[in-house]
Amino acid sequence: MAKFSLKDSDEYYLSLSEQPKRFDADSPVTNVFFDDTNGQVFTVRSGGVTGVTVNGMDDSKCTSFRMEDKGPIISIKFSPDHKILAIQRNIEGQNATVEFVNFKDLAPTNIEYTHTCKWKNAKILGFVWPRASEIAFITDHGIELLQVLPDKKQLKTLKSTSFSGAWFSWCAQSNIILLAGNNGALLQPFSLNSSTITKLQKLEVEWSRPVMERDVFVLRLCGAAWCALFRHAAAAPTVSGPTEVWLMPISGGGSVQHVLKTGLTGRFAVSVVDHLLVIHHQSSQTSQIFDIMEEAKPENNVVMHLPLVQGVSMRPASVDDQPCPMYSGNWVVFQPDYVIDARLGCLWRVQLLPAGLAHSVLKDDVPRVVAALLRRRAGRDTIYRVLNQLVAHAGTYLVELTKCFDEINSVYRRWADAEVARNTAGAGAAHGRAHFPVLLAQADVCAHVLAPRADEPHLVAALTAYLASLARHALPAQPDAAALAVRALLTRGAGARLRALVRRGCLGDARPLACQLLSLGHLDPAAAQLALDMMWRLKAHGDVVEVLLSWDEPLGAAGAARAGGAWGGVAARKLLAAARAHSPGAFLAAYHALLARNERARGSPHFLNTEQCDIYIDYYRQLTSES
Amino acid sequence: MIDIKNKVNSFFIFNSTFGPKEGDELKRILFYHPSQVTQDARKIQVGLCEAVVKFMTTFSTEPCEALQTQSKRYIFYQPEKDYWMVLVVRIPYATKAATTSNEKKEVIEPSVMQDFLMSAYKMFRMFIGPMKDIPTEDIYNNCEQFFTPYIMSRSIANDINNVIQGISYLPLEKNSFFRVVCFIDLLEINYPDFKCVSFVYNDKLIWNGLTTDDMLTLYQYLVQTLLPKQVEKEIQGGAVTAAQRHGRFISPPEGIRNADDLQKLHKVYLMREEDTETKQYYLVIYRTLSATVCFTVDVTTNLSIDTFRSLDAFIGPQLSTIASSISEQCALHALQSTQLSNTDHSFIYFNRLNLAYKTSAPSSSLTPSTAIKPEVLSIIAGIHSDRKSLGNYGEIIIKTPDEYWVTGKSSNDREFYVIIQEKNANLKDIADEVRRICEDQMKGIFFYPM
């Protein structure tokens with residue numbers, strides 16, 4: 001099978017961010033914690049006595065401070081507004097207590113307080129900050145949502161829910177907690193939005209074995225919350241072969257489940273980059289990407305997905321000018337796209353390199369990749385590059401090019417429909433463009449793809465394919481596209497095709513197009529004929545009159561003026577001049593018609609002096625006296 | 001109807017330069033029909049024509065066009081210098097003046113005869129080439145082989161299709177049209193040697209890649225000669241219909257199955273739209289369901305049977321899906337137009353620039369349009385052939401004695417005729433009615449208003 005490869009593209013489609021955030025590596029005296037809500041790494045040296053450093057991608061939120069060592073730390077996290085630091089310690093008999101320290105300008109104040117959750121003998125599995133002043137304790141007895149009142153040094157319970165859970169998974173982007181009850185056999189999501197705890201529909205997992213904590217991820221993808229479950233062959237005897245990832249909707253994702261076929265076995269990690277689900281596989285050192293937005297028909301509410309393109313590894317990164325080990329055992333991957341190497345002391349984010357997606361694609365898959373790129377924020381330039389290359393090699397890729405145009409135009413169609421719906425429904429829906437990260441209008445395609453490729457041998461075919469695709473999506477060809485079409489078709493000697501397209505209404509009536517056709521009239525009378533039809537349809541009656549006068553058709557011009565309602569505005573002198581040049585008969589007819597016009601307009605058949613028709617009045621007398 | 005074929009008295013081609021000496025007169029006659037005419041009779045006929053043509057040059061620089069005697073009408077056509085084609089028809093005349101009026105015999109319109117000669121020549125030129133390029137020793141044979149079947153297969157009649165020779169285009173919604181064009185593009189890109197020059201559905205043209213004049217000739221060949229035979233075959237051969245789904249090459253008629261069949265491909269002289277001169281091509285014709293596609297291949301190309309097989313595999317499935325989608329549209333369109341056409345007046349539309357032709361009367365040659373009366377037809381033929389009378393802008397309304405109103409309209413290289421049978425109408429009613437029909441039927445087309 002032939003493969004398409006985008007010119008000057010790298011084979012990698014994922015990379016780690018250029019400059020990793022550095023922190024002190026994990027060591028016997030240093031402990032490293034990661035807060036995935038704020039995306040911050042806490043390095044605690046000697047229990048905090050010799051300093052705590054907070055590092056994150058946002059430099060303005062990085063800080064360091066000292067604190068007392070009150071015991072081994074289990075978890076340490078800032079509130080989202082960085083005004084409160086919460087610490088959970090592993091102290092015998094204090095399982096259900098969390099310490100709080102108020103912060104001011106990222107520096108600790110001496111205001112410290114603690115809170116114990118309502119179930120005295122419960123064990124806190126962890127805590128999360130759903131909002132700036134709200135904290136949720138997740139315990140093996142249930143969830144307690146509390147409001148922190150830092151000035152009063154106390155916490156107020158907002159809501160609590162009992163649930164016996166063994167472990168939990170948290171998605172900071174959707175504020176959803178997934179608690180595993182019954183030792184992993186029951187997965188129960190809770191939403192912590194709007195200062196309350198909402199129990200969501202539990203997930204039905206009909207597997208024979210309980211689900212392991214490391215196989216469950218709650219993540220936010222395409223505006224919905226999902227639970228990603230790794231289904232290993234070993235975990236369920238009914239499943240054989242490689243590992244599958246089941247994406248189960250938790251909230252906002254409809255009822256369709258997605259199954260991602262990895263084709264691999266072993267240890268996996270998950271990232272979400274630009275609405276793509278990335279599955280890192282350690283032993284093969286590859287990362288596969290899946291796009292659950294790709295079009296597919298659900299069967300029994302399940303959609304199967306294959307990797308968008310063949311899995312390759314992330315682009316090798318370097319740290320301190322040394323190549324750094326990729327997919328190392330020291331890596332920890334956090335949602336949505338953080339990668340930490342605790343031994344090296346590096347924090348990266350995973351980035352998408354859109355051009356890499358088109359580096360090596362099966363010929364048939366090119367439209368699929370373009371469709372995927374249309375859903376990526378940074379996809380635009382790569383799409384232009386792909387299209388340019390397809391147009392340049394239209395001899396091989398015409399079918400694929402056509403399908404790519406269809407993908408582009410169907411996105412545009414959906415956007416246009418959404419805009420219309422939005423405008424008619426009023427300013428209700430605020431998420432206008434958000435759903436359409438890349439929107440290629442006709443002007444864009446013309447300016448970036450078709451116009452620069454004006455010298456390609458198969459431009460006419462490519463252009464026709466584009467116009468056909470527009471027509472299929474009921475998008476009328478705009479002046480840009482039409483003008484380009486006219487130019488391209490004419491320079492290639494495809495005038496008949498141009499006329500056929502105009503005749504079949506494929507280019508849409510427009511004044512610029514009509515003028516362009518008209519200017520071709522001296523080479524191609526049929527084009528002028530069509531131009532005149534088009535002008536008449538556009539009700540450009542004045543133009544039609546002018547054209548007919550210039551064609552030595554004075555009576556046709558007068559007739560057109562009368563039929564089109566432009567009769568009153570026709571300059572008598574001009575019409576008479578044209579009629580005189582044509583024939584005496586035509587002159588007499590035009591003269592009489594104008595007299596009648598004068599009569600109607602002014603009550604007298606005579607011409608006004610300002611109309612400067614004296615020579616024609618004389619000519620009329622001369623003609624009539626002869627006969 | 002009267003047996004038309006009887007009325008063609010003879011058809012012959014001569015070139016006086018071929019046998020200038022006395023006694024060589026037979027050499028001058030390149031072709032003579034009917035063949036049973038004796039050599040002496042031929043010599044006399046041709047001699048008369050030679051004399052007339054020669055004689056007329058004294059009066060005009062324009063070549064002589066016609067000669068009418070009491071019993072015969074001669075139409076001359078000089079397609080190339082010194083080559084003359086002559087068509088002779090008998091004129092019904094009565095020795096007694098008292099013939100009954102309802103047995104009025106019709107005479108072939110001169111313009112129809114002229115067009116017949118021109119079409120015949122163009123067809124000859126398309127398949128054999130210009131006459132002057134043919135070696136003298138071959139030309140007798142070539143003419144014999146070409147014109148005998150041509151004359152036999154063609155009837156010359158005062159039919160509206162003969163009065164105005166045009167191309168019937170299929171009205172097609174733009175998406176279907178784009179499918180056709182994109183299919184052609186894809187095919188030409190995959191098979192660069194093959195250029196698609198026409199796409200015909202039933203007897204209507206969708207795509208044209210030739211100059212308009214050559215298109216008309218090819219179209220007439222397809223619609224009048226090749227396709228009727230094919231359709232007949234398809235109707236007869238029940239078992240063949242299954243194979244038709246896949247489509248096949250229909251020229252040569254047995255199809256293309258092996259390398260030998262490639263030798264039987266017709267060579268034609270055509271001018272493609274992007275060409276600047278007429279060139280010789282192989283003509284390849286493929287048909288599926290009701291769709292017929294013609295390709296030209298440069299004669300210098302090495303043909304290989306593998307290319308044709310792969311082309312067959314490529315076109316077959318795609319063309320049949322396109323054809324069936326077009327047929328759905330046609331059915332829909334037919335339904336709509338039957339609902340629309342509440343008018344019982346006939347009209348004819350003709351565009352001189354693309355030769356588009358549209359009529360309310362059934363245009364298929366199988367059902368001759370009996371709707372149009374001979375007198376009316378003769379009037380239309382008159383208006384059509386005498387372009388000067390209406391010019392580029394004009395309208396004429398003629399009333400026949402038997403209550404027919406014939407309106408001819410010319411504007412912007414288009415012609416539009418309406419025939420209305422209305423006893424108690426005045427000129428204004430007719431003019432209004434014509435305007436209404438024109439607006440109804442010719443939407444989006446601009447006729448200079450009166």
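Chain B comes to 13 helices and 16 strands, where helices (H or I, at least four residues) and strands (E, at least two) are DSSP runs numbered from the N terminus. This is a predicted model, in which local features need pLDDT of at least 70, side-chain atom pairs count only at pLDDT 80 or more, and totals for chains, interfaces and linings use all residues. Residues are numbered from 1 along each chain as its sequence is written, with chains lettered from A and ligands numbered from 1 in the order in which they are written.

Of the 450 residues in chain B, 37% are buried (20 or more other C-beta atoms within 10 Å of a residue's own, with C-beta atoms placed from the backbone). Among contacts in chain B with a separation of 6 or more, 61% join residues 24 or more positions apart; a contact means C-beta atoms, placed from the backbone, within 7 Å.

| Domain of chain A | Residues |
|---|---|
| domain 1 | 3-357 |
| domain 2 | 360-451 |
| domain 3 | 552-627 |

Taken over C-alpha atoms, the centres of domain 1 and domain 3 of chain A are 86 Å apart.

Let's look at one helix pair. In chain A, the axes of α4 (residues 394-425) and α6 (residues 459-472) come within 9 Å and cross at roughly 25°; axes are lines fitted to C-alpha atoms over the stretch in contact, with angles from 0 to 180 degrees between N-to-C directions. α4(A) is therefore roughly parallel to α6(A) (under 35 degrees). Residues of α4(A), including A:L398 and A:F405, meet residues of α6(A), including A:A465 and A:Y466.

Notes:
Domain bounds come from an automatic or database domain assignment. A residue is buried if 20 or more other C-beta atoms lie within 10 Å of its own, exposed if 12 or fewer, and partly exposed in between; C-beta atoms are placed from the backbone. Two residues are in contact if their C-beta atoms, placed from the backbone, lie within 7 Å. Angles under 35 degrees count as roughly parallel, over 145 as roughly antiparallel, 65 to 115 as roughly perpendicular and the rest as oblique.
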